[in-house]
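Please read it with the coordinates open.

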Amino acid sequence: MKGIKGLASLMVVFGLMVCAPKANAEKLPTNDVQTQFTQSTTDNDNFKTYINQGFSLLEKDDYRGAIQAFNQAIRIVPNNPYGYLGRGFAYFNLKQYQEAKADFDQTINLNSNIGYAYLFRGMSNYALGSKQQAISDLQIAANIFQKAGETEMAQKSLDALERIRNA
């Protein structure tokens, strides 16, 4: 699929994706992390440690190590979208698009306002041959980014959308 080669070039453009979700995950109040159950301070600290470790490993291109760290975070707090988002990004970089899409689906199920989840689910859908679903996800991502004042990411989402439309 000739469009997969375009995905590689888009990955460079979206390199900053790793930093923004990590920053968002670190800002989560304790009450958000403890949704639907009570958890000890130790579990909460371990969760944050695994999330930070996962995003750090993503920055080092250690995708398999990142998956392990995010698996641990998800085990501790299964209702936090950032564990799935990070793991999905790792799977995406390993070209395991079905697994990536499943994690981005779960991210969206837990929090439908994370533009990066739609962005990379769109890219995963495209890699899996679902062009229309990819276009739809990228449009949603652009809208979320625009609404959040992230005009650069909104534009990058629209640029990716146009590349896919023209592929």
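1. Basis. This is a predicted model, in which local features need pLDDT of at least 70 and side-chain atom pairs count only at pLDDT 80 or more, while totals for chains, interfaces and linings use all residues. Residues are numbered from 1 along each chain as its sequence is written, and side-chain values use heavy atoms, with hydrogens and water left out.

2. Helix α7, length. Helices here are DSSP runs (H or I, at least four residues; strands are E, at least two), numbered from the N terminus. Helix α7 covers residues 97-110, which is 14 residues. At 1.5 Å a residue it should span 20 Å, and its end C-alpha atoms are 20 Å apart, so the two values agree. The expected span is 1.5 Å times one less than the number of residues.

3. Helix α7, buried face. Which residues of α7 are buried? They are Y97, A100, K101, D103, F104, T107 and I108. Seen down the helix axis, these buried residues fall within an arc of 165 degrees, so they line one face of α7. The arc is that of the directions from the helix axis to the C-beta atoms. Buried means under 20% relative accessible area, exposed over 50%, and partly exposed in between (1.4 Å probe, protein chains only). The cover over the buried residues of α7 includes α6 (81-93) and α8 (115-127).

4. Nonpolar core. The largest nonpolar core holds 43 residues, and L58 and L119 touch the most other members. Seven helices are listed as giving two or more residues to this core: α4 (41-59), α5 (63-76), α6, α7, α8, α9 (131-147) and α10 (151-165). Helix α8 gives the most, with eight residues. A nonpolar core is a set of buried Ala, Val, Leu, Ile, Met, Phe, Trp, Tyr and Cys residues joined through side-chain atoms within 4.5 Å.

5. Aromatic pairs. The count comes to six aromatic pairs. The rule pairs rings of Phe, Tyr and Trp (its six-membered ring) with centres within 6.5 Å; planes under 30 degrees apart are stacked, over 60 edge-to-face, and the rest tilted. The rings of F92 and Y97 have centres 5.4 Å apart and planes at 70 degrees, so this pair is edge-to-face. Both F92 and Y97 are buried. F92 also pairs edge-to-face with F120, at 5.4 Å centre to centre and 75 degrees between the planes. F92 lies in helix α6 and F120 in helix α8, so the pair ties together parts 28 residues apart in sequence. F120 is buried, as is F92. One aromatic cluster is formed by F89, F92, Y97, F104 and F120.

6. D103 bridges to R87, with the closest N and O atoms 2.6 Å apart. D103 is in helix α7 and R87 in helix α6, 16 residues apart. Both residues are buried; R87 has a relative accessible area of 15%. Leaving aside neighbours within four places in sequence, R87 is in contact (heavy atoms within 4.5 Å) with I67, F70, N71, I74 and D103.

7. From α7 to α8. D105 bridges to R121, with the closest N and O atoms 3.0 Å apart. D105 lies in helix α7 and R121 in helix α8, so the pair ties together parts 16 residues apart in sequence. D105 is partly exposed at 22% relative accessible area, whereas R121 is buried at 16%. A network of salt bridges links K101, D105, R121 and D137.

8. Within α10. R165 bridges to E162, with the closest N and O atoms 2.9 Å apart. The two are three residues apart in helix α10, about one helical turn. R165 is partly exposed at 41%, and E162 is partly exposed at 36%.

9. Positive phi. Most residues other than glycine have a negative phi. Please look at two loop residues here. D61 has phi near 60 degrees and sits in the loop between α4 and α5. D61 is exposed, at 54% relative accessibility. K95 has a positive phi of about 65 degrees and lies in the loop between α6 and α7. K95 is exposed, at 59% relative accessible area.

Terms used
Salt bridge = Lys/Arg side-chain N within 4 Å of Asp/Glu carboxyl O.
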